[in-house]
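Thanks for coming. Please have the sequence and the model open while I talk.

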There are 2 protein chains.
Amino acid sequence: MSESEKPKGHTLSKDKVLTNGGNNVSSNPSDEMTEKFDLATVYVSDAQYNRNIFFDTSPQAVRLYLLYNHWFMQTLVYAFIIVNLALALFEDPAVVPLPIWATSTIEIICLSAFSVRMVHYAKVIPKDKFWKDPKNICIIVVVTLSFIDLTIYGALKSTGYFAIRWSRVLRPLLLVNVTEGRQLRRAFRSIRNALPQISYVFLLFMFSVLVFSLVALKLFGKRGLLTIDGSPYFTDYLDIVFDLYVLVTTANSPDVMMPAYNYSVFFTIFFILYIIINTYTFMSFFLAVVYSNYKKHLKEEVRQLVKARRFKMCRAFSLLHEARGEGGEPVVTQTKWNHLVKLVKPNINIAHRELLWSVLDDQNKGHIGKFAFVQLADLLSIQVITVKSQPHPIQICFPSMYNSPVSRFIRYVVHQRMFVYVYDLIILVNAVFIGLDEENPVVSNAEWGFLALYMLEIILKLYATEPRAFFARHHFWNWFDTIIIVSALFGTIINSALKHSGGYTSRQILDIIFILRVLRLIRLVDSIKRFRAIINILIKIGPTILTFGQLIVVVYYIFAMVGMELFKGKVQFFEPNSTSPDQEYCGNPLLKGTTFAKLNYCKNNFNNVVSSFIVLLELTVVNQWHVLTSGFTAVTHISARIFFVLFHIVVVIIIINIFVAFILEAFLVEYTIDKSDLQTSLEKKIEELELNVQQDGVDTGLVDAMESNDNELGPSEAGKQKPSLMFKIASRRSRTVDGLLQRMFETDIRPEDFVEEEEPENINFSNPVFDSV
Amino acid sequence: MSESEKPKGHTLSKDKVLTNGGNNVSSNPSDEMTEKFDLATVYVSDAQYNRNIFFDTSPQAVRLYLLYNHWFMQTLVYAFIIVNLALALFEDPAVVPLPIWATSTIEIICLSAFSVRMVHYAKVIPKDKFWKDPKNICIIVVVTLSFIDLTIYGALKSTGYFAIRWSRVLRPLLLVNVTEGRQLRRAFRSIRNALPQISYVFLLFMFSVLVFSLVALKLFGKRGLLTIDGSPYFTDYLDIVFDLYVLVTTANSPDVMMPAYNYSVFFTIFFILYIIINTYTFMSFFLAVVYSNYKKHLKEEVRQLVKARRFKMCRAFSLLHEARGEGGEPVVTQTKWNHLVKLVKPNINIAHRELLWSVLDDQNKGHIGKFAFVQLADLLSIQVITVKSQPHPIQICFPSMYNSPVSRFIRYVVHQRMFVYVYDLIILVNAVFIGLDEENPVVSNAEWGFLALYMLEIILKLYATEPRAFFARHHFWNWFDTIIIVSALFGTIINSALKHSGGYTSRQILDIIFILRVLRLIRLVDSIKRFRAIINILIKIGPTILTFGQLIVVVYYIFAMVGMELFKGKVQFFEPNSTSPDQEYCGNPLLKGTTFAKLNYCKNNFNNVVSSFIVLLELTVVNQWHVLTSGFTAVTHISARIFFVLFHIVVVIIIINIFVAFILEAFLVEYTIDKSDLQTSLEKKIEELELNVQQDGVDTGLVDAMESNDNELGPSEAGKQKPSLMFKIASRRSRTVDGLLQRMFETDIRPEDFVEEEEPENINFSNPVFDSV
């Protein structure tokens, strides 16, 4: 807890209060004021980032809390979690084996780090709140169990006994229960909430499968039919149930029907009915149940989120307000507000702050009431980009050259639509060349030509646009282009240097160059408006897909750990050039003659965590699910099916449907609702204000169309001096998941919610149920 | 057009007007009145059944129109359509070959019937409207083309030339464009409306597939990898595109990855990315696009439907109204209204009619205004069941016996929950017995015991409940039970008689008996409340699934016709006991060694319409899609892939998603919205009214819980005399699709829509775009 680790905001506050001198008060009240500002800052930034931690409000605890939320600490925690999870790569069965003492030491370090973090957290929040929060309990239990397991395992191993590292299954729970894992916990909660309804549908579905199986047993069992590999067809009830369950995954689709179909065409009626009812209708039902629950519970959660956020802002307000308005109603002055914003966002520039103030204080009173103050958190989460319009560096150095007719013509051409079309055409031609054989000298020489053309494009654009504007943070495609082209250039140069020097070509470098070349083609997408709209949705869904990525990792990790204990070493992979006779049946005689071995699935095994993850992915995609399952049951026991069926239920029926549900909802919001409805009222306000300012001729304006390549400034206009400072609401691409969700349900959140917050003391602030699994 | 074919309603009207004598007017005005009533009747029933036909209002045309809408005519048209479609069973390649002259004669009869129907339709509606309606044009074109094709085919065949019956592809269009195919046309329209957006997503998706293929070519093409069957891996660009397209269907899921995975684990990254982006994200996008479009357009259509319905009711009102209200506002008197209802629904009973009137005329004025009148169509579409409470027949014959303590105790027991539980247990035990080997004498004898128990249950229930109430139309499970048990009893008796007489057991009879036995188990579902809720949704979706069934038939039929021309006879199926050496490769040497032949898929061929449909179903389920595709390309040409890819796009990407979209929407409406919100305001009115009437001690009441088996009437209550007449809104199970849809969007339909209809003349009534594909 050295001074250097303290968050920026806090260090800054002291300087400002001392130098600002708005209220010239004595040292003691000033300290008190500083503390108040510190606390208010914490409330505002908690509201902004949707943190729901009921921390102690003593100055000491607030400082600890600020440290707790410092980005460095958060990154460190995630680093330890990743290291802890990654240990599976080095523990037996390992990808890269490390001695037990090494992995154990690393694990002890990680666990200690989590413990320290827990202690830190315990100091920040009141004791009773700490022990009521299930996520703390969960972390403590996991850490304790891991220590116990580690001790037992070490003791057993050192004495030569057989031991299982069972606590590895618990590791992903740390990822879920860490304070920062809000999104992930929310996803788990939405699954948990949907579980009762899913289970009713699942039971009915299983009833249907069981009844169909009984019919199948009675219809086909006595007919002496044979499957393709000569085994009796549909004679054992449990096997039928399993086969028909597999049919729901469609993995054995026509094969399971063929013997009956070959016998009589009328038997297909049974399978058609089964497919319509179970494969289509019930599977759609699962999606429907998950979707409807997801929607319902998410709405409630976001409502609570908004409520909590407003409550925190009210708290901050009550710290800073003073009675000044008409009728003595509490208000916050602009001075205080400015100071607060500086503390919350130290690197915000003055113009941006002024803009925010003018949005809140639209009648120019110099102070704002509670209602306006509360909106600050929402305002801060809107990314407003301040673009300083500067003259081009070349214009400064060589003004006459830059303004010459030739130069102006070049700049005019670059901004034309035609310029984009020409380069789209070049990309298309390039695509054909990429497809051709690169060992042909014409093709490999053409690559230099294409590289030169692309470099020329970037240079021209840099000439026509101010470089800092060109490389602004939100100009995704400019960055993309430049990085891809420059890397490809370097790669190609290195490659040809290697070739010329020693005749040796690294396959890896070539692979990278090829991929870079193909990636250039992607830019075509951005030229077509309709595609851009779809891509925007994709990018916006991005952060949520990351949450689902974590969700999948948690579930996969647990199944991989269990799978590795069950199946490790049972299926062996032999390198393709190996001459071992065992290769044919994956090194396990039990697999002789199975489809698993015939299809050469030997590398689909649970021998280390990487291959386990790949097998689990294949099981998620579901095709050949039964082949993989039958392979692993062949080498162990028929009851191993339970593992695979469980995985199917959890991942395919529940998690994939949650994923689809999110995409559905996000798509419905993005695509069908009118664009203007999507803007929050605050965004509208900002835009209106900008427009007004622009009309008044002041130095702010909303001009920037570079991003969409739609800029059609004529040469005369381009020559005019642009306003020196421009505001722009950041591209809708860079929204957070929370923002998207909130907007999804904004219309449904009643305004009464705000009224309730008028009496902050009546509300139970900490909602542990809300912020824990 | 004989007198006997005239619809009931019309014949009735004459009698009534003559005998009723409400308005004693001379013959001529009476005729005029009759005509007015006829026209009003047509408007009301058009509104009730959502018919949107702009018919001529001359008395002659109205009579023709009534004939046109007669159920017999409509059934006849569908019969001809089915016969026409079924011709595919008998035409070459046929399931049951018939000579060309026979099929041609039947087809000519069908086509003539359609022509007559067209002429009839042309006489009903004005000429300009007739020729503006695309669905009429479509039918005329199809019929003409069919005649031409038939002539050419006949001529060519008789002279021994090769000929194709290409017009068979057009046959399903008749099903779509027939006047009654509203639901089907709506489904097609919603597909057509979604097409632009689907195609944008599809193009982007194809772009992604193409880019990934290029990367695959560059990464794997030069590495000399081999697939499992020894062919080069990922060397030809077009093959890669196809393979990766197949991966989107997941049909070749781990197999396509295995060679690269065996070479290096890092290559799996390529496939994982591909699966996440294309298989999961894009496929979810397709669902999202279809769903959002479906929702949007359906809303608009239903809005128009409601508008048209209200407009028609306004028309009817303007025919019957007279100025009598305060301020001389137009009203319809109860006498006229009664007469109209009698004409529209001839078999409605007086009590039901009185109920409807009291719902509309809630202030007992004796006349209703336009607003109330318009609601008649909605009211009539609510199925109100009138249950006449009658004493049990046994009670009438043997009152003392029926009221004896033993009899009362029996009736008490039957109505207990325990009775249901006991029988649920019996069913469970029965399920175990069904699973056992039926050749065991204990098991086969036990079957008699179970049959006796089930018969006893039915008899007891019939004893405790009035038989007519027990077999009321809406008591689905009573009907189900009785039919299943009685059929099983007969089947078992016949079977054992056969066995005892000649020792011969028919396998078919046994199959039926087994299925009947298993079907008995289904009743268990109804005992569990949660399951019942899900089943109710399933049943409610039923009619829509039928519409989708038609949709699927139309698409399948077209693809089957094309497929048969392309692939007929190329793949041969040999009976399993055949000894032909060709059996191994389905009679086509080109299939030697292919997976298609190895998996014995020979019966999956296009040799007749039935097997074509089954192959298409297998292609819809998608698994082994690539095996089927490669089989058919092997026997024809690589370009045959186009046929299969097209089928995949149309059926899997579009139609299945429409199906899922409907289930999603129906589920969301049924499951998440509060039950009370689901009731239309009219239903609420009816229930309130019933409640009032019941409280007033009048002879109507809302009592009936038999259906849900929840009846817990004590013996004392059961003994009381029940009200002799009861009303009940029919089970929510028996709703029409239109009703469901309308309710889905009822809240979104603005009340202003009604106001607009106040000036019926201003509205363009016939919306041909709306009622045609």
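I start with A:Phe267, which is buried because its relative accessible area is 8%. Buried means under 20% relative accessible area, exposed means over 50%, and partly exposed is in between, with a 1.4 Å probe and protein chains only.

Before going on, a word on the source: this is a predicted model, where local features need pLDDT of at least 70, side-chain atom pairs count only at pLDDT 80 or more, and totals for chains, interfaces and linings use all residues. Residues are numbered from 1 along each chain as its sequence is written, chains are lettered from A and ligands numbered from 1 in the order in which they are written, and side-chain values use heavy atoms, with hydrogens and water left out.

Now the rings. Over all chains, the structure has 103 aromatic pairs. Rings of Phe, Tyr and Trp (its six-membered ring) pair if their centres lie within 6.5 Å; planes under 30 degrees apart are stacked, over 60 edge-to-face, and the rest tilted. One of the pairs is A:Phe202 with A:Phe286: the centres are 6.2 Å apart and the planes at 45°, so this pair is tilted. A:Phe202 belongs to helix H9 (residues 182-220) of chain A and A:Phe286 to helix H12 (residues 268-320) of chain A, so the pair ties together parts 84 residues apart in sequence. Helices here are DSSP runs of H or I with at least four residues, strands are runs of E with at least two, and both are numbered from the N terminus. Both A:Phe202 and A:Phe286 are buried.

A:Phe267 forms a stacked pair with A:Tyr263, at 5.8 Å centre to centre and 20° between the planes. A:Tyr263 is partly exposed, at 44% relative accessibility. Ring pairs also link a cluster in chain A, including A:Tyr556, A:Phe596 and A:Phe647.

For chain A as a whole, there are 35 helices and five strands. Of its 773 residues, 52% are buried.

Last, chain B. How do helices H5 and H7 of chain B pack? Helix H5 (residues 100-124) and helix H7 (residues 134-158) of chain B meet at an angle of about 155°, with axes 11 Å apart. Therefore H5(B) is roughly antiparallel to H7(B), a term for angles over 145 degrees, while under 35 is roughly parallel, 65 to 115 roughly perpendicular, and the rest oblique. Axes are lines fitted to C-alpha atoms, for helices over the stretch in contact, and angles run from 0 to 180 degrees between N-to-C directions.
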